[in-house]
Amino acid sequence: MHAGYPIMAHKATAAQLVSTAHIRGKGLWGPIHELGHNQQRGCWEFRPNTTECTCNLWSVYVHEEVFGIERGKAHGAMGLEKRNGRAKTYAEGGKKLNTWSMWVALETYMQLQDKFGWDAFKKVFAAYFKISSPKDNNGKMNLYAVTFSQTVEMNLSAFFKSWGWPIDAATEEKLSTLPLWSDHPMVQYG
């Protein structure tokens with residue numbers, strides 16, 4: 001499949017796209033993933049790391065909220081055991097951003113979603129309509145940390161740093177008056 005509007009796919013997948021029985025039973029991860037690419041915005045994308053990652057936020061959301069399919073059943077890679085394993089492997093591998101991509105990067109966002117829900121993401125994405133974003137990934141990652149933290153009224157700098165994000169001193173200072181998220185899932189990996 002390929003992102004676009006409409007999405008492009010092989011003819012053989014057409015029957016699945018219009019089968020409500022298939023959609024309610026197994027979902028449509030691939031097509032929703034491709035449509036998710038159309039929702040990505042450069043201001044909160046950290047290319048190349050998130051190119052194949054954040055489009056899956058829509059895959060998870062649509063499967064859970066629209067289709068009523070739990071994320072682990074919507075895609076095998078989204079089961080809790082695999083999610084935890086990826087986070088552990090990434091942390092034990094030194095939390096290197098050059099390996100923070102697709103499924104590993106998605107886990108960062110899923111941990112935020114597990115704690116703060118989908119409404120936090122809706123508010124964060126809406127806030128970006130009023131924000132002027134830096135062009136470099138370091139600046140964009142710091143801005144995202146500030147925006148998400150202010151949205152949920154909690155200091156998430158330690159959480160993002162635990163994923164290897166280049167959170168700078170100015171960002172930490174800006175968020176210092178908010179209560180710290182000290183029991184985030186990555187704490188267990190030091």
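A residue is called buried when its relative accessible area is under 20%, exposed when that area is over 50%, and partly exposed in between, as found with a 1.4 Å probe on protein chains only. Helices (H or I, at least four residues) are DSSP runs, numbered from the N terminus.

This is a predicted model, in which local features need pLDDT of at least 70 and side-chain atom pairs count only at pLDDT 80 or more, while totals for chains, interfaces and linings use all residues. Residues are numbered from 1 along each chain as its sequence is written, and side-chain values use heavy atoms, with hydrogens and water left out.

Begin by selecting helix H3, residues 29–37, which is mostly covered, since 7 of its 9 residues are buried. The buried residues are Trp29, Pro31, Ile32, His33, Glu34, Gly36 and His37, and they pack against helix H1 (14–17), H4, helix H5 (71–74) and H7.

Axes here are lines fitted to C-alpha atoms, for helices over the stretch in contact, and angles run from 0 to 180 degrees between N-to-C directions. H3 and H4 are therefore oblique to each other, a word kept for angles that are not under 35 degrees (roughly parallel), over 145 (roughly antiparallel) or 65 to 115 (roughly perpendicular). The contact (heavy atoms within 4.5 Å) is made by residues including Trp29, Ile32 and His33 of H3 and Trp58, Val60 and His63 of H4.

Keep H4 on screen and select H7, residues 102–127; H4 and H7 pack at an angle of about 60°, with their axes 10 Å apart, and that makes H4 oblique to H7. Among the residues that make this contact are Leu57, Trp58 and Tyr61 of H4 and Trp103, Leu106 and Phe121 of H7.

Now turn to the largest nonpolar core, which has 48 residues; a nonpolar core is a set of buried Ala, Val, Leu, Ile, Met, Phe, Trp, Tyr and Cys residues joined through side-chain atoms within 4.5 Å. Trp100, Tyr144, Phe148, Phe160 and Trp165 touch the most other members, and the largest share of this core, 13 residues, comes from H7.

Which residues is Trp165 in contact with, leaving aside its neighbours within four places in sequence? Select Trp165 to finish, and look for Phe46, Leu97, Trp100, Thr108, Tyr109, Met141, Tyr144 and Phe160.

Definitions and conventions
Helix = DSSP H or I, 4+ residues; strand = E, 2+ residues; numbered from the N terminus.
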